[in-house]
Amino acid sequence: MRGIRSLVLNELRKRHSRYEHLLNNGHGALMYLKAAREAAAMVVMAFIVSPEVFVGVLLNKTTRKKPVFSGVGQVTITAEQLSQILAEARDRQSPMSAESPKIAESLLYLFLPTSDCEVIAGDLAEEYSLRLRECRPAKAKRWYWRQVFKSICTQIWVALKRLTELVAATEALEKIWHMTRGLWGG
Amino acid sequence: MKTTDNLGQFEQLVLLALLRLQDNAYGMAIRREIAERTGRDVSIGAVYATLDRLAEKKYISSLDAPGGAERGGKAKRFFKIEGTGKIALRQSQEQLQKMAYGLPQLEAM
């Protein structure tokens, strides 16, 4: 972290020397923003020079030595807001959004019991976002679809089993009725 | 000892996962625990179908909590094994052990 901090300060001194006096006066704080998907390519950093001014630097993740972009801006947002903006930009740029497959999710809501739909969709979304970080998006999507398909099959099996039990119970009741109808005067 | 319903193999696995996970027992964690320990790639739907069945038998209870951003704000359901669930699990394990006890075919494996 210390290495990255000095790297950002050097970048600031080199390219934006008019803010150097602020640095020399000991101002500034480093924000280290490690966004989930950018982490594959970049480390996003911002150095708050003063309450109004920040310098943003994008670093090459593998080397962390070579800044690939730097620029000065005005601080108008909080770190959380900036992080959110970066995440949204990432999702727009990414060919495969971190959002779980919508059609598959709709099938869940269509076939699974209402009481379980939301929690199952939430569990799948959580695991899907984890898998997106670990493997290729296509693989994560395949995993999601397989889970949905298997879950629907399970649900159909459970429903059929219950139906069979219901039919068996009805038949048993019918037999009892026929056997005892004389007692009821039928 | 009070006799309870017989538990199926997967029901036992789910209850054992609940015991292992303790306060962090929710659907996907249970699925992961079973997959990692047994090598069975079970679906989340199968886990919930079993959890629903166990809840109907009053062997487990659940509590819904609000979900975070990683879940798209969708609720998270935590499960807890109840006393009757522990008894049923113990009985099932004992039955299995009694049946397996002393079988040379199993000991050689």
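This is a predicted model: local features need pLDDT of at least 70, side-chain atom pairs count only at pLDDT 80 or more; totals for chains, interfaces and linings use all residues.
Is Q22(B) buried or exposed, and how many C-beta neighbours does Q22(B) have inside 10 Å? Q22(B) counts as exposed, because it has 9 of them.

Residues are numbered from 1 along each chain as its sequence is written, and chains are lettered from A and ligands numbered from 1 in the order in which they are written.

**Stop 1: chain B**

Select chain B. Its 109 residues are 36% buried. Chain B holds 5 helices and 2 strands. Helices (H or I, at least four residues) and strands (E, at least two) are DSSP runs, numbered from the N terminus. From the N terminus on, the order is α-α-α-β-β-α-α. Of the contacts in chain B with a separation of 6 or more, 47% join residues 24 or more positions apart. Two residues are in contact if their C-beta atoms, placed from the backbone, lie within 7 Å.

**Stop 2: helix α1 of chain B**

Select residues 9-21 of chain B. This is α1(B), with 13 residues. From first C-alpha to last, α1(B) reaches 18 Å, close to the 18 Å expected at 1.5 Å a residue. The expected span is 1.5 Å times one less than the number of residues.

Now colour the buried residues of α1(B): E11(B), L13(B), V14(B), L15(B), A17(B) and L18(B). An α-helix has 3.6 residues a turn, so residues three or four places apart point the same way. Then show what covers the buried residues of α1(B). The cover includes α2 (27-38), α3 (44-56), β1 (60-65), β2 (76-81) and α4 (83-100) of chain B.

**Stop 3: two positive phi values**

Step off the end of α1(B) to Q22(B), which follows the helix. Q22(B) lies in the loop between α1 and α2 of chain B. Its phi is positive, about 55°, although Q22(B) is not a glycine.

Next, select K58(B), in the loop between α3 and β1 of chain B. Phi of K58(B) is near 65°, a positive value in a residue other than glycine. K58(B) counts as exposed, because it has 12 C-beta neighbours inside 10 Å.

**Stop 4: chain A**

Switch to chain A. Buried residues make up 22% of its 186 residues. Chain A has 6 helices and 4 strands, in the order α-α-β-β-β-β-α-α-α-α.

Select α5(A) (residues 114-134) and α6(A) (residues 137-180). They pack at an angle of about 155°, with axes 9 Å apart. Angles over 145 degrees count as roughly antiparallel, and α5(A) and α6(A) are therefore roughly antiparallel to each other. From α5(A) come I120(A), L124(A), Y128(A), R131(A) and L132(A). From α6(A) come P137(A), A140(A), W143(A), Y144(A), Q147(A) and S151(A).

**Stop 5: where the chains meet**

Show both chains. The contact takes 20 residues from chain A and 18 residues from chain B. On the chain A side, α5 and α6 each supply at least two residues. The largest share, 12 residues, comes from α5(A).

Note on methods: A residue is buried if 20 or more other C-beta atoms lie within 10 Å of its own, exposed if 12 or fewer, and partly exposed in between; C-beta atoms are placed from the backbone. Axes are lines fitted to C-alpha atoms, for helices over the stretch in contact, and angles run from 0 to 180 degrees between N-to-C directions. Angles under 35 degrees count as roughly parallel, over 145 as roughly antiparallel, 65 to 115 as roughly perpendicular and the rest as oblique.
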